[in-house]
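User: I'd like to go through a model slowly, one part at a time. Could you put it up for me?

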Amino acid sequence: MKIEAVIFDWAGTAVDFGCFAPVNVFLTIFEDAGVAVTLEEARKPMGMLKIDHIRTMLEMPRVSEEWARVYGRSFTEQDVQALYSQFETKLMASLAKYTDPIPHVKETVHQLRQAGIRIGSTTGYTATMMEVVTHHAAKKGYKPDFLVTPTDIGDKGRPYPYMIFRNLEELGVKATKQVVKVGDTTSDIQEALNAGVWAVGVIVGSSEMGLTEQEFMSLSDEEQQVVIEKTKAIFEQTGAHYTIQTMRELPALIETINARLA
């Protein structure tokens, strides 16, 4: 028995180093609403379906208190919908810019395919958003075999396991333990664990690390090591089976998992 499929997340894992497309928009919409949020607050729910992400931010005690202070009442579902509508408009306007494949992704996918491994994908973006992302990423040389968005499964995105299950069905995989899920957020790890597949956190370029490629490259070796260790610890605390620094390490990790399965 060996690994038959790898399922990648999109932003922060396969494209968009640091996962900046959505983060910048979350900061903007809250600022426009008169409620300033921190980068950390905007990043914490990353990987979720975006409307759930907004809801989760509003439920954070500090944000919730600030909202009540500014508006004199608690937030409502109507507020969630209004923020989401702005989020969607602003994100759609900037998405195409954030579709560059992250270093080592294309080579790794090629290597996995050579080994007969099928490539699936899941995301926190809706189907409409992904039309933009997949179109531009494909032009830049990244195109998995299959994609499932929360839109395809009744908006039950992460941490629900259904996007992974839909991939397994389509890719014709016999057992969940023959599947590796690679992602860059804690909700990716939860999605993998809930689906019963191998959960792998990728560190460099991740939303969890939250640095641009330029910021990361400008750090000294010691400083890079510190942020790598910090990110690794977060994935491990969430229950990741493994972490990799970059995609370059994935083929060797799959060999390790195959040895365990044998």
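This is a predicted model: local features need pLDDT of at least 70, side-chain atom pairs count only at pLDDT 80 or more; totals for chains, interfaces and linings use all residues.

**Helix packing and backbone**

User: OK, and what angle is it for α8 and α9?

Analyst: α8 and helix α9, which takes in residues 186–195, pack at an angle of about 60°, and their axes are 8 Å apart. Helices here are DSSP runs of H or I, at least four residues long, numbered from the N terminus. Axes are lines fitted to C-alpha atoms over the stretch in contact, with angles from 0 to 180 degrees between N-to-C directions.

User: Which residues of α8 and α9 meet?

Analyst: On the α8 side they are Met163, Ile164 and Phe165, and these meet Glu191, Ala192, Asn194 and Ala195 of α9 (contact means heavy atoms within 4.5 Å). Sorted by class, the contact of α8 with α9 has five nonpolar residues, one polar and one charged. Nonpolar covers Ala, Val, Leu, Ile, Met, Phe, Trp, Tyr, Cys and Pro, charged covers Asp, Glu, Lys and Arg, and the others, Gly among them, count as polar.

User: Which residues does α1 put into its contact with α5?

Analyst: From α1 come Ala21, Pro22, Val25, Phe26, Thr28, Ile29, Phe30 and Asp32, while the partners in α5 are Leu83, Gln86, Phe87, Lys90, Leu91 and Ser94. Counted by class, this contact of α1 with α5 holds nine nonpolar, three polar and two charged residues.

User: What about α6 and α12, how far apart are their axes?

Analyst: The axes of α6 and helix α12, the latter made of residues 250–261, lie 9 Å apart, and the two helices pack at an angle of about 35°. Thr108, Gln111 and Leu112 make the contact from α6, and Leu250, Pro251 and Ile254 make it from α12. The class count for α6 with α12 is four nonpolar and two polar residues, with no charged ones.

User: New topic, the backbone. Which residues does a cis peptide bond join?

Analyst: The cis peptide bond is between Arg158 and Pro159, where omega is about 10°. If you want to find Pro159 on the model, look in the loop that connects α7, residues 127–139, with α8, residues 162–171.

User: And is the phi of His104 positive or negative?

Analyst: His104 is not a glycine, and yet its phi is positive, at about 80°.

User: Why would anyone point out these two features?

Analyst: They are pointed out because most residues other than glycine have a negative phi, and most peptide bonds are trans.

User: Got it. Where does His104 sit?

Analyst: His104 is placed in the loop between α5 and α6, and α6 itself spans 105–114. If you follow the chain there, you come from α5, which meets α1, and go on to α6, which packs with α12.

Terms used:
Residues are numbered from 1 along each chain as its sequence is written. Side-chain values use heavy atoms; hydrogens and water are left out.
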